[in-house]
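Colleague: I have the sequence and the picture open and a few things to ask. Can you walk me through them?

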Amino acid sequence: FVYHCAPEGPMIPWHVVSGMAGTIMVLPRDGLKNEKGEPITYDKVFYIGENDFYIPRDEDGNFKAYESHGDSYADTLEVMKSLTPTHVVFNGAKGALTGDNAMRARVGETVLIVHSQANRDTRPHLIGGHGE
């Protein structure tokens, strides 16, 4: 489940694109089961949080800076209306899942991947790998 604060009106999406959202995974009491009713076990769980940012630009196309986050509200709402994010990041920052931060598993380990995106319908998929 994706959760976020819920003030009212356009404050909801503004809060979400400001990073005020998260994920809760509720597992069945007796654990996950496959299609045959057999328990599913895993060695690791990897969480991938996908975030959209909508950063206003000035008349020259440069990203704007504001004294406070609240000062960006009106301009950010205008950018959000395009439904085209200026940035998309995973786990909060560029490079958060690469290099030293890469999600690693050993051959033979089973990994449960949990993906969360609060704004858009995205469907990540494995490329060059496999899954059950």
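Predicted model: local features only at pLDDT ≥ 70, side-chain atom pairs only at ≥ 80, totals over all residues.

Colleague: Fine. What pLDDT does the chain average?

Modeller: Of the residues, 96% score at least 70. Helix α1, residues 11-17, has the lowest confidence, with a mean of 83, and helix α2, residues 73-80, has the highest, at 92. The average for the chain is 88.

Colleague: Is T76 buried or exposed?

Modeller: T76 belongs to helix α2. Leaving aside neighbours within four places in sequence, T76 is in contact with W14, V17, Y54 and P56. Its relative accessibility is 6%, and the cut-off for buried is under 20%, so T76 counts as buried.

Colleague: Which element gives the most to the largest nonpolar core?

Modeller: That core has 6 residues: W14, V17, Y54, L77, V79 and M80. Two or more residues come from each of α1 and α2. The one that gives the most, with 3 residues, is α2.

Colleague: And W14, what does W14 touch?

Modeller: W14 is one of the core residues. Residues up to four places away in sequence are not counted here. What W14 touches is H69, G70, S72, Y73, T76, L77 and M80.

Colleague: Do β3 and β5 run parallel or antiparallel?

Modeller: Strands of a sheet can pair either way through backbone hydrogen bonds. Here 7 bridges join β3, residues 44-53, to β5. Among the bridge partners, Y47 goes with V114 and I48 goes with H115. The two strands run parallel.

Colleague: Which residue in β4 is the bridge partner of F53?

Modeller: β3 and β4 pair over 4 bridges. The sense of that pairing is antiparallel. The partner of F53 in β4 is H87.

Colleague: Now the loops. Is K36 buried or exposed?

Modeller: K36 is found in the loop between β2 (21-23) and β3. K36 and H125 are 89 residues apart in sequence and 24 Å apart in space, C-alpha to C-alpha. With a relative accessibility of 64% and a cut-off of over 50%, K36 counts as exposed.

Colleague: What is phi of L83 near?

Modeller: Most residues other than glycine have a negative phi. L83 lies in the loop between α2 and β4, and is exposed, with a relative accessible area of 65%. Its phi is positive, though L83 is a residue other than glycine; the value is near 60°.

Colleague: And what is phi of N91 near?

Modeller: N91 is found in the loop between β4 and β5. At 32% relative accessibility, N91 counts as partly exposed. Phi of N91 is a positive value in a residue other than glycine, near 55°.

Colleague: Last one: how many Å apart in space are S68 and R29?

Modeller: S68 lies in the loop between β3 and α2, and is partly exposed, with a relative accessible area of 35%. In sequence, S68 and R29 are 39 residues apart. C-alpha to C-alpha, their separation in space is 44 Å.

Notes. Residues numbered from 1 in each chain as written. Heavy atoms only, no water. pLDDT = per-residue confidence, 0-100. Pairing = 2+ DSSP bridges. Core = buried A, V, L, I, M, F, W, Y, C linked by side-chain atoms within 4.5 Å. Buried < 20%, exposed > 50% of the residue type's maximum accessible area, 1.4 Å probe, protein only. Contact = heavy atoms within 4.5 Å.
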